[in-house]
Amino acid sequence: MSRLSASEVRGALEREQEEFARLHPISKRLFEEGQRHYLYGAPSHWFRRWAGKFPVFAREASRAQLQCVDGHRYVDFCLGDTGAMCGHAPSAVTRAVSEQMDRGATLMLPTEHASWVGDELTRRFGLPYWGFTTSASDANRAAIRIARMITGREKVLVFSGCYHGSVEEAHVALDASGRMVMRNGIHGNAVDHERVSAVVEFNDIEALEAKLACEDIACVLTEPFMTNYGMVAPEPGFHQALREATRRHGTLLLMDETHTFSSGPGGYTALAGLEPDMLVLGKAVGGGIPVGLYGVSDEVARRMWEKVPKVDPTKVRQSAHLGFGGTLAGSALQVASVRAVLGEVLTSAAFGHMVGLAEDLATRLRSVVGKFDLPWYVEQLGARVEIMFAPTAPKNAAEVSAGRNGDLEALLHVYFLNRGVLITPFHCMLLMCPASTAADADKYVSVFEDFCGFLAANCLEREMRA
Ligand code: PMP
């Protein structure tokens, strides 16, 4: 067997992409038509990130299955990049949302579900006060506004490789020389990021300490376990050091649990006993209805009301508001859907099933990697699993970048698509939902084993080691 060059990896990718085009003529045509009116050929730019050169257009999805307009069926481990972690069309949410639609979706009034939802959010995630938004991005922006309001500081510190949605301050990363740059070629947008942002590598306590010591950082915005640049675990002691340093320097700690809610019923925060000042949820918590949530501690709420006094509504009808929160935020529809998600779908029992499935899947993937002697690492946290093209767990974005092989990653994606498996299109992450089954996991393992066999037969794995 001769060793394949990088161009041969590309050749294999192109052959899979041709096969993908052959299998999906209707999706291909719809994407071509989409160029007429959509900036990215489809309603969202994310939809064009799929490695097949155009996205599969969906006909319908239910539970952990999806069917495309060309009639192919897929086992879905992408689950709308976490937005569908409840599974597609979860009956409890469909019922609750349909009933609420019949009674009025958005009323500029609270409904009786609000009390239960507030109690449950606090029971699960620990923070006593909550606000609704219409996306996780929006919830992060709201939390940042609160952090600035009460600290009087402008800067937000993030970790390189992070993603927190459409959050201006978080569009930064470190380049190879350790300089702050715009992430992924995002436009700087005339914002002075040197003024509003700071960025260090995840798990780098020393660099974090140095930035916090300037005492100009309003909040650290972080996922507790990185999931957006490949999964990166916090090292032992990282969270304790982060909490201790932020407290010491008067910086608030904002934990973005939009993805890591997949760790368990109370997210990673409850799992690891973290004590953030603020916490953000989104995506899955709405069961398909756009919902973002931010929770704040007693102390944050108290300091906030010092800045924007909460006046007695019996005496003053119009008071200042916090400067965020849309007309549709906290709508009857949102609250009904969150009630159904927390009460009936993403329950402790459901997490037990999802996490068990993910643990089992990760163990089986590790044994396939071992069988083919591939220099790959399998990460798993709660209901989420990822295959990383590096021999050991990376501890930050720079280490993920060093192991990244874009063409091989794309090849894996299209190979899986052509064999009826969807995974999140950005890296190699997969997610379980309550409706995911052992048979779904079997399917994934079987296609993965075929993929590794295909690489071995073509010596592509040596390319990986080069
Ligand atoms: N936070 C995290 C951790 C995310 O992964 C994402 C989206 N991938 C967001 C926030 C933003 O979510 P949305 O696009 O729904 O606003």
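## Area between the domains

Domain 1 and domain 2 bury about 2300 Å² between them, and carbon and sulfur atoms give 63% of that area. The model is a predicted one. On the side of domain 1, the residues that lose the most area to domain 2 are Phe-351, Leu-381 and Lys-395, which together make up 25% of what that side buries.

Domain 1 is made of two segments, 6-85 and 348-465, while domain 2 spans 91-345. The contact draws 30 residues from domain 1 and 30 residues from domain 2. The C-alpha centres of the two domains are 28 Å apart.

## Polar and charged links across the contact

Nine residue pairs are in polar contact between domain 1 and domain 2, counting pairs with both residues at pLDDT 80 or more. On the side of domain 1 that touches domain 2, the elements that give two or more residues are α12 (348-371), β13 (377-381), β14 (384-388), α13 (397-403) and β16 (429-431). Sorted by class, that side of domain 1 has 16 nonpolar, eight polar and six charged residues.

The count of salt bridges between domain 1 and domain 2 is one. Asp-81 and Lys-283 form a salt bridge in which the closest N and O atoms are 3.3 Å apart.

## Surroundings of the ligand

The ligand is surrounded by 14 residues, and the closest are Ser-137, Asn-228, Asp-256, His-259 and Lys-283. Lys-283, the salt-bridge partner of Asp-81, has a side-chain N or O atom 2.5 Å from a nitrogen atom of the ligand.

For Ser-137, a polar side-chain atom is 2.6 Å from a ligand oxygen. For His-259, an N or O atom of the side chain is 3.2 Å from an oxygen atom of the ligand.

The structure contains 27 salt bridges. One of them joins the side chains of Arg-10 and Asp-407, with an N to O distance of 2.9 Å. This pair links distant parts of the chain: Arg-10 belongs to helix α1 (residues 6-23) and Asp-407 to helix α14 (residues 406-417), and the two residues are 397 residues apart.

Key:
Residues are numbered from 1 along each chain as its sequence is written. This is a predicted model: local features need pLDDT of at least 70, side-chain atom pairs count only at pLDDT 80 or more; totals for chains, interfaces and linings use all residues. Side-chain values use heavy atoms; hydrogens and water are left out. Domain bounds come from an automatic or database domain assignment. Contact means heavy atoms within 4.5 Å. Buried area is the accessible area (1.4 Å probe) that two parts lose on being put together, summed over both. A salt bridge is a side-chain nitrogen of Lys or Arg within 4 Å of a carboxyl oxygen of Asp or Glu. A polar contact is a pair of N or O atoms within 3.5 Å; within protein, one must be able to donate a hydrogen and the other to accept it, and residues adjacent in sequence count only if both atoms are side-chain atoms. Helices (H or I, at least four residues) and strands (E, at least two) are DSSP runs, numbered from the N terminus. Ala, Val, Leu, Ile, Met, Phe, Trp, Tyr, Cys and Pro count as nonpolar, Asp, Glu, Lys and Arg as charged, and the others, Gly among them, as polar. A residue is near a molecule or strand if one of its heavy atoms lies within 4 Å of it.
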